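Notes go down in the order I looked things up.

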Amino acid sequence: MTERNLLLLPGDGIGPEAMAEVRKIIAYMNAEKAAGFVIEEGLVGGSAYDAHGAAISEDDMAKALAADAVLFGAVGGPKWDDVPYEVRPEAGLLRLRKDLELFANLRPAICYPALANASSLKPELVEGLDILIIRELTGGVYFGEPKTITDLGNGQKRAIDTQVYDTYEIERISAVAFEMARTRGNRVCSMEKRNVMKSGVLWNQVVTATHKEKFSDVKLEHMLADAGGMQLVRAPKQFDVIVTDNLFGDMLSDVAAMLTGSLGMLPSASLGAPDAKTGKRKALYEPVHGSAPDIAGRGTANPIAMIASFAMCLRYSFNMVEEADRLEKAIANVLDKGIRTGDIMAEGATEVGTVEMGDAILAEFKALSA
Ligand code: IPM
Ligand code: MG
């Protein structure tokens, strides 16, 4: 039987609650469908700091490197606000991204028909919205050196972050964007700030060259990132695939996420390059929402982004396309039935907690898989 090795890193805050709902789906797939998932578990973020004094232990890093895929919950919370910068909860996530070389972050922003009214924009602007943001994830200002705060000795300090991109980094992320575009609307919009940043100038040149060389069948457009942000809230449906750098991608994906009604809805996949021998990509799947410490432990968190992240895992790491489609359909059906967690609650709908939402999706998934 195929073995599918998963490392679960539930993390902090609502991470463990959301992950518990995915566990149920995995247990069902193993028991009824002989899916062969083998689960390992580890700690990341504040919970890892409490246990090991690091945002992720070497042992858990080794497990992440060995796994077929990592499922990640969320990290951070006020409890760890004052821990040293090097071991802050986010450092665990950044190390995973860097050491696994997960350079391509796929952030779909899909507006489920049942949720068009939950958006802060008019429903007609977001109904049927289906954008894919491809965010570069291992370069740019997140990792560029120098990254320092120095004392200037005159009562002033100077902080430096460095935005760096090499040609190959832009080539490989734009190739992912063009390839993804071919499987959907065949359009890519690249966003940078070439009007003020050298890295934006190079970004624009390399995306243009990669397009010309290998992907000229895809429609390519360029936008300054600030204008892109404006267009995202003005007329979001004009976009198909957006490709952008690490920092702009961080911000633009939160904007895009909110268009769909709630951050609690959106999954993401972070992928590495295909292995030369096996063709398999290293991968980590995580909801876009954070650890939401304010509601952690209450059983009210929305587990949909976490479950949808597992659907992306089925699709991209295990090529279980039918199962992924079914799980996504199960989520849509449950929303159609008016079952809602608090963050997406609407008049006339039934408000449920994390566990009930997970149960409803599992029941629907079972029915669709029968
Ligand atoms: C994200 C998050 C992370 C980031 C944080 C938690 C480090 O905001 O995945 O979007 O900035 O990349
Ligand atoms: Mg972010």
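Predicted model: local features only at pLDDT ≥ 70, side-chain atom pairs only at ≥ 80, totals over all residues.

**Helix 4.** I started by asking which residues of helix 4 are buried. I find Pro-89, Ala-91, Gly-92, Leu-93, Leu-96 and Arg-97 on that list. Next I checked what the buried residues of helix 4 pack against: helix 2 (46–52) and helix 3 (58–66), plus strand 3, strand 11 and strand 12. Just after helix 4 I noted Glu-101, which takes a positive phi of about 50°.

**Domains.** I looked up the domain assignment of the chain, and it gives domain 1 as 1–107 + 262–370 and domain 2 as 130–259. Their centres, taken over C-alpha atoms, are 25 Å apart. For the contact between them, I get 15 residues of domain 1 against 17 residues of domain 2. Which elements give two or more residues to the domain 1 side? Helix 4 (89–99) turns up again here, along with strand 4 (104–110) and strand 11 (267–274). Strand 4 gives the most, with four residues. By type, I have nine nonpolar, two polar and four charged residues on that side of domain 1.

I traced an open sheet of ten strands, and wrote its order as 2-1-3-12-11-4-5-10-8-9, with mixed pairing. Strand 2 (37–41) and strand 9 (219–224) each have a single partner strand, so they stand at the edges with one side lacking a neighbour in the sheet. Ignoring direction, neighbouring strands are turned by 20° against each other on average.

Strand 5 (residues 130–136) and strand 10 (residues 241–244) run in the parallel sense, over four bridges. In one of the pairings, Leu-132 has Val-241 of strand 10 as its bridge partner.

I also checked what lies across the sheet strands. Helix 1 (residues 15–33) lies across strand 1 (4–11), strand 2, strand 3 (69–74) and strand 12 (281–287). Against strand 3, helix 1 runs at about 145°.

**The core.** How many residues does the largest nonpolar core have? I read 109, and the residues with the most contacts inside it are Leu-71, Ile-134 and Ile-307. Helix 10 (residues 304–316) gives the most to this core, with ten residues. Both domain 1 and domain 2 supply at least three residues each.

A reminder to myself: most residues other than glycine have a negative phi, and most peptide bonds are trans. With that in mind, I noted a cis peptide bond between Glu-145 and Pro-146, with omega about 0°. Pro-146 sits in strand 6 (residues 144–151).

Then I compared notes on two loop residues. Ala-292 has a positive phi near 40°, and I place Ala-292 in the loop between strand 12 and helix 10. Asn-319 also isn't a glycine, and its phi is positive at about 50°; Asn-319 belongs to the loop between helix 10 and helix 11 (321–336).

Is Ala-292 buried or exposed? I count it as buried, because 23 other C-beta atoms lie within 10 Å. Asn-319 is exposed, because it has 10 other C-beta atoms within 10 Å.

Technical notes:
Residues numbered from 1 in each chain as written. Chains lettered and ligands numbered in written order. Domains from an automatic or database assignment. Contact = placed C-beta atoms within 7 Å. Nonpolar A, V, L, I, M, F, W, Y, C, P; charged D, E, K, R; others polar. Pairing = 2+ DSSP bridges. Axes fitted to C-alpha atoms, helices over the stretch in contact; angles between N-to-C directions. Core = buried A, V, L, I, M, F, W, Y, C linked by C-beta atoms within 7 Å. Buried ≥ 20, exposed ≤ 12 C-beta atoms within 10 Å, placed from the backbone.
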